Amino acid sequence: MSEKYQRDPIEIANKIEHSLVQYGKRFFGEFMIEESVDKKVLVANAYSCGCNVNCYYCASLMKDYGEGYVPDLNLKYIKEAEFKMGYYLPNELLDRFLAMVEEVKNNPNIYHNREITQFAILDCETTIGMKYIFDFLEELHSYNIANNGKYVFVIFTNGIILGNDTKLIDKLGKYKESVALRFSIKAGNREEFGKRLDVNPNYYQCPYRAIEKCIELGMDCQIAVLNDLAIMSAEEFIDIKKQLSWCGYKGSILEEKLVMSRGCVRRIELHKKKYPEYKYRFLFRKNIGIVFKNEKDSGIGRRMRSGIRRVLDEVPQIKAFDDNGDDDILSLIVLIDLNEYSFNDIEEAIKDLHVKYLNVREIIFLHTGSGFIEEIDVSSDDVKVILKNYMSLIDDEIELTKVDAKQHVTAGNRITFYWNENNE
């Protein structure tokens, strides 16, 4: 595709800023106390909106920002946080953050005697509207000096705006003790940068220039890469690490995993129309059903169903193994302790399920028992059979008994897509 048809991320950011920042105030939709991305500290987070790239895998439910669109920003009362959705001056934002700090201090039992040390703006490209960010940092920096505070504002960014104008980083250096940057690197080459983010590839080097400048100034910065194989190849991730090394970056890389949503499904459909020859590394399943062999797995099935619904906007049926089938099911998930069954038993189960679910094209046996089984993919003319460890959808390093409800939902989320081995 010609570069002239690809979006200019700086122009998009400028359009968004007109709606996002008004009369010195920036829009925020919610405020939450959460763990940091590495789960080491508590963070006071303000949720906003607006992004200058259009990654096809983005989980945000917001409408595409491609034309500088920002949704109607109506005030709404957030009862849990006792804050209103709306526009805030920089000093008002700091007040909200400090209020969350006090909430944690006043409830040591709830927050396990931990404290908030970081502030952040999430669900957006933080650097859209840098004047607001500088005004906020001035407030924070002054507060830290006056109160012997050590609060740090973490800027989550794709690095394009900062790398396009590195003088912004020079200015950030003035607040070095009160600011840190977390760069999300989206691609390891110019072509993927342009198509994956749906932006002009001429901006490809901007994030790396921004990182190099931060290192030159001795600023605190961390790198995150969505190196999930469903998005990028291992070779591309190696290329990213090489380029970071050339920038002088010697820190660790936070490796992120793919999280799906209905927003992602919609974005991919639009992306396919614009880039019909693009080869996706994953595809979505359709018409999923869930079967459990033992009653103890029915709860897992219900949580997984929630994760599937959030992505595909469909509510899978959950049935016991001996229940009647459904001809509409194309992908069937079987929750089962494979330690209790031989391969002959599994073969008989496949035959039985294929009769009940006449049009099924894929049967996925998820092992919910102790230990780990050898994972197998077998395809025939009629049906593909997969034997997979349930915990591989969550975390191989913890036990099933220690998995919480949210993680079971994540497992449902991750079962909605699969490796595009045929390069369709």
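User: Which residues does Lys25 touch, not counting residues up to four places away in sequence?

Analyst: This is a predicted model. In it, Lys25 touches Leu20, Tyr87, Tyr88, Leu89, Glu92 and Tyr132, with residues up to four places away in sequence not counted. Lys25 itself is found in strand 2, residues 25-28.

User: Is Lys25 buried, partly exposed or exposed?

Analyst: Buried means under 20% relative accessible area and exposed means over 50%, with partly exposed in between. Lys25 has 31% relative accessibility, so it counts as partly exposed.

User: How do I read a sheet, and in what order do the six strands of the open sheet lie?

Analyst: Strands of a sheet pair through backbone hydrogen bonds, in either a parallel or an antiparallel way. Here six strands form an open sheet with mixed pairing, in the order 15-14-16-17-19-18. Strand 15 (318-320) and strand 18 are the edge strands, each pairing on one side only. From one strand to the next, the twist averages 20°.

User: In which sense do strand 14 and strand 16 pair?

Analyst: Strand 14 (residues 288-292) and strand 16 (residues 331-336) pair in the parallel sense, over five bridges. As one example, Ile290 has Ile333 in strand 16 as its bridge partner.

User: Which strands does helix 10 lie across?

Analyst: Helix 10 (residues 298-312) lies across strands 14, 15, 16 and 17, and runs at about 170° to strand 14. Helix 11 (residues 343-356) lies across strands 16, 17, 18 and 19, at about 140° to strand 17.

User: What lines the second largest pocket?

Analyst: Its lining has 25 residues, with Lys388, Leu393, Arg414, Phe417 and Trp419 nearest the centre. Strand 19 gives the largest share of this lining, four residues. By class, the lining has 14 nonpolar, one polar and 10 charged residues.

How values were computed
Residues are numbered from 1 along each chain as its sequence is written. This is a predicted model: local features need pLDDT of at least 70, side-chain atom pairs count only at pLDDT 80 or more; totals for chains, interfaces and linings use all residues. Side-chain values use heavy atoms; hydrogens and water are left out. On a 1 Å grid over the protein atoms alone, a cavity is a set of points where a 1.4 Å probe fits but cannot get out, and a pocket is an open set with protein on both sides within 12 Å along at least five of seven lines; lining residues have an atom within 4 Å of a point. Helices (H or I, at least four residues) and strands (E, at least two) are DSSP runs, numbered from the N terminus. Ala, Val, Leu, Ile, Met, Phe, Trp, Tyr, Cys and Pro count as nonpolar, Asp, Glu, Lys and Arg as charged, and the others, Gly among them, as polar. Buried means under 20% relative accessible area, exposed over 50%, partly exposed in between (1.4 Å probe, protein chains only). Contact means heavy atoms within 4.5 Å. Two strands pair if DSSP finds at least two bridges between them. Axes are lines fitted to C-alpha atoms, for helices over the stretch in contact, and angles run from 0 to 180 degrees between N-to-C directions.
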